[in-house]
Structures are given as structure tokens and as C-alpha cells.
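Could you walk me through this structure in the viewer? I am new to it and would like to know what to select next and what is there.

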Amino acid sequence: SVRPKRPTTTKRARSNNAVVAINGDFYNYHSDGLFIRNGAVFRELAYGADVLFIDSDGNFSVKTDRDAIKEGFYKKKKIYQSLSFGPALVVDGKVLNNGKANYSCGPFGNEPRTAIGQIGPLHYLLCTIDGRSKVSEGVTVAELASIMSKKKCIVAYNLDGGQSSVLYFHDKAYNHVADGGERTLSDIVYFATALPDSDRQ
């Protein structure tokens, strides 16, 4: 079968009238994990990774996919979205020690990184760190966690990085994307508006 063509973060953001957006978890890069979109569960294949859950009130929480599936957590808590990449960076305002984490993100190297965090009710932080260039070497996962903590996140989570790391703002990629340009991706996280361009401040 022929796979549908995936757009870049920038193209997907524009098509959804996004004001600001970042790359997501690249869910179809993996064949396992816990995958929930708009309240519908599409995949329940645990491999022990941290999952970021977003409930219907917009609040963040983190559990491993194994615990969440075993406990039926996402059914009890009215989870609306999940992001399955990881690891979690900050939980309950405390930086997590991911020194023994076994994640595909290569947690110990200096790389371009993307993270999302919640500061308070309906108050979020999107973060990209450039890397693989003369102007920025990137950060480790531990350094990214420290950054998100210093920005007062009560929950923060590591998303796909490297060439996937894109922050879209003012109708373009706001950061310097690694390795020659944006990668095509399966999903993004975005904040949109119904206002036409002419009415935006």
C-alpha cells in the first residue's frame, strides 16, 4: 500500500490556522505506544515509556503506558489527547532524574530538542532548542528539564527532537531547523484562532 504524504510542521500549522505550533511525538514512527486523539484510543501497545496525557480541561499528567493501560487511567480521567515520546521532564514541579532512561531520543547527547509544559490552568510553554550548528550545539534531556523547571512548569514533557524540532510562529519556522530543513511529520501540537489575519494583534 502507498502511505499518504506527510506535511512538515509549517505546512500542517498553516492548514489549521495555527498561531503557534511545535512538532508532536511523530506517533507513526513507532509501532507501539499509547495513542489517543480527540478522545478516541487508536493504539494500546505498552513498552514502558512515559506518556503525556491531556484531559478535557486541558490539564497535563504523566504515567507510563503500562500503568495507564493496567489502571484504565485514560478512561477514568476523560483523557482527550496523549503524546507518547518522552521522557517526562518535570512532574509536580520537580525535575525528574532520567539518568537511567532508555529512550530513542538519546537523552545524554547535545541535540535539538522540543518540549511542552503546563505552567497553570490553560497556561502552557512551548520550547525548542536549536542544535547541530555552529551557533547552537543543543542540550541534553537533563538540561532541557532544568530549563522547563526554571520557567515554572508544573508538568513538562520531551517531544521528538533533532530535525523534527520546529517552532512555528508568525507563519514560519521561528527557529533554525537542523540538518537542512524541516522533516515531514505525522502530527503537531498547535494553538489556533478563528480570527482572520486582518484582526490579529
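Start by selecting G117, which sits in strand β9, residues 113–120. The model you are looking at is predicted. Is G117 buried or exposed? With a relative accessible area of 0%, G117 counts as buried because that value is under the 20% cut-off.

Now show what surrounds G117. Leaving aside neighbours within four places in sequence, G117 is in contact with F60, H123, Y124, L125, M148, C153, V155 and A156. Next, pick N158 as well: its C-alpha atom is 9.0 Å from that of G117, although 41 residues along the chain separate the two.

Five strands make up an open, antiparallel sheet, and their order is β8-β7-β11-β9-β10. Colour β8 (94–95) and β10 (123–129) to find the edges; each has a single partner strand, so one side of each has no neighbour in the sheet. Then follow β9 and β10 together: they pair in the antiparallel sense over seven bridges. To see one of the pairings, select R113, whose bridge partner in β10 is I129.

For the last stop, go to N175, in the loop between β13 (172–173) and β14 (188–192). N175 is buried, since its relative accessible area of 11% is under 20%. What does the side chain of N175 reach at 3.1 Å? The answer is the backbone oxygen of S165. Not counting residues up to four places away in sequence, N175 touches T128, D130, S165, V166 and L167.

Notes
Residues numbered from 1 in each chain as written. Predicted model: local features only at pLDDT ≥ 70, side-chain atom pairs only at ≥ 80, totals over all residues. Heavy atoms only, no water. Helix = DSSP H or I, 4+ residues; strand = E, 2+ residues; numbered from the N terminus. Buried < 20%, exposed > 50% of the residue type's maximum accessible area, 1.4 Å probe, protein only. Polar contact = N/O pair within 3.5 Å; in protein donor to acceptor, adjacent residues only side chain to side chain. Contact = heavy atoms within 4.5 Å. Pairing = 2+ DSSP bridges.
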